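Take a look at the model below. We will go through its contacts, its core and its aromatic rings.

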Amino acid sequence: MTAKKNYTFIFGVVFAAALFLIGQAQNSEAKILSQSIDFQHFSTRDGLANSVVYDIIQDRHGFLWFGTGNGISRYNGYEFINFFPDTSDPHSIGKGPIITLFLDSKKNIWATSFSTGLYKYDEKANRFIFFGHDPENKNSLPSDTAYIIDEDQSGNLWISTLDAGIVRYDPKDNSYTRYQHEPADPDSLSSNRTTAIFCDSEGAVWVSTMKHGLEKLDPATGKFTHYLPGTPHAVGIIEDRFKDIWIPTLGQGVFRYIRKENRFVSYLHDDKNPNSISHNQVVKAFEDSTGTIWLTTWGGGINIYDREKDQFRSY
């Protein structure tokens, strides 16, 4: 993973967090543009574990959790409580950047790292439980390069890895099901280098791969449908209220899968069209409470999608 890609992920999370706060606080674009918003700044001097922040979630108690470049910070509104890597403590968080924080349907907190696997927070013991790769045990993570987490309607967790495909983890019986590239099987995952993973409302699992396009898994059959071959990878995938799937890519704009028509639409930057997307490096997509789609870019600011006119406004 290059430094440039790392910074892309960082900015993606920061932009997404900002958009989330704006969407929650405001009910329309007009209000957003007309009001002044004041920000309070927190750094390591205030107790934050690290100045690089990759992800943010809010737990059932209202506390904010921050995945950082070195450990996890929990903020209760007054102070930060930090969970740092400690090689002498098997229940500490792992070494390396904490890329993803995820709150499941049972309000459990999960965390992933680029190199040290998957973690679950044990609230009663105030410690982390490690779920790692065991080369002698297939009923384990296929790799410690766990990246993105999502949850399906049955409560299974789906985890992408950077070098070993994806895995479904069933917390009910602690079982793992691996999905990896098989050269002799055209219905298998097209690449083991996976990034975004998303479980949609109809039970399908969408997976973005590094340079091998987009995949859709039917969990009932275990077969993948391959889309958009050669498309740059996505960091996040979302589904809007119309059940369309939005796939922002790092280099080829954003794709929208219109479900009722079973087709993809591509939105690219066009220097001659001021209503096109402002940049082809699209980091995140977000739908606010009004149904407006927001897109963050690497170098092109923020874009708002006008659904009626099928065009964008950039800021």
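A polar contact is a pair of N or O atoms within 3.5 Å; within protein, one must be able to donate a hydrogen and the other to accept it. Keep in mind that this is a predicted model.

Start with Tyr 267, which sits in strand 20, residues 263-267. A polar contact of 2.8 Å joins its side chain to that of Asp 310. Tyr 267 has a relative accessible area of 8%. Buried means under 20%, so Tyr 267 is buried. Leaving aside residues up to four places away in sequence, Tyr 267 touches several others, among them Trp 246, Arg 256, Ile 277 and Phe 312.

Next, the largest nonpolar core. This core has 19 residues. Tyr 147, Trp 158, Ile 166, Ile 197, Val 205 and Leu 217 touch the most other members. At least two residues of the core come from each of strand 9 (146-151), strand 13 (194-199) and strand 14 (205-209).

Now the rings. The structure holds 26 aromatic pairs. In one of them, Trp 206 and Tyr 227 have ring centres 5.9 Å apart and planes at 20°, so the pair is stacked. Trp 206 belongs to strand 14 and Tyr 227 to strand 16, so the pair ties together parts 21 residues apart in sequence. Trp 206 is buried at 0% relative accessible area, and Tyr 227 is buried at 16%.

Tyr 227 also pairs with Phe 264: the centres are 5.0 Å apart and the planes at 55°, so this pair is tilted. It links strand 16 to strand 20, across 37 residues. Phe 264 is partly exposed, at 23%. Elsewhere, Phe 42, Phe 66, Tyr 75 and Phe 80 form one aromatic cluster.

Definitions and conventions
Residues are numbered from 1 along each chain as its sequence is written. This is a predicted model: local features need pLDDT of at least 70, side-chain atom pairs count only at pLDDT 80 or more; totals for chains, interfaces and linings use all residues. Side-chain values use heavy atoms; hydrogens and water are left out. Helices (H or I, at least four residues) and strands (E, at least two) are DSSP runs, numbered from the N terminus. Buried means under 20% relative accessible area, exposed over 50%, partly exposed in between (1.4 Å probe, protein chains only). Contact means heavy atoms within 4.5 Å. A nonpolar core is a set of buried Ala, Val, Leu, Ile, Met, Phe, Trp, Tyr and Cys residues joined through side-chain atoms within 4.5 Å. Rings of Phe, Tyr and Trp (its six-membered ring) pair if their centres lie within 6.5 Å; planes under 30 degrees apart count as stacked, over 60 as edge-to-face and the rest as tilted.
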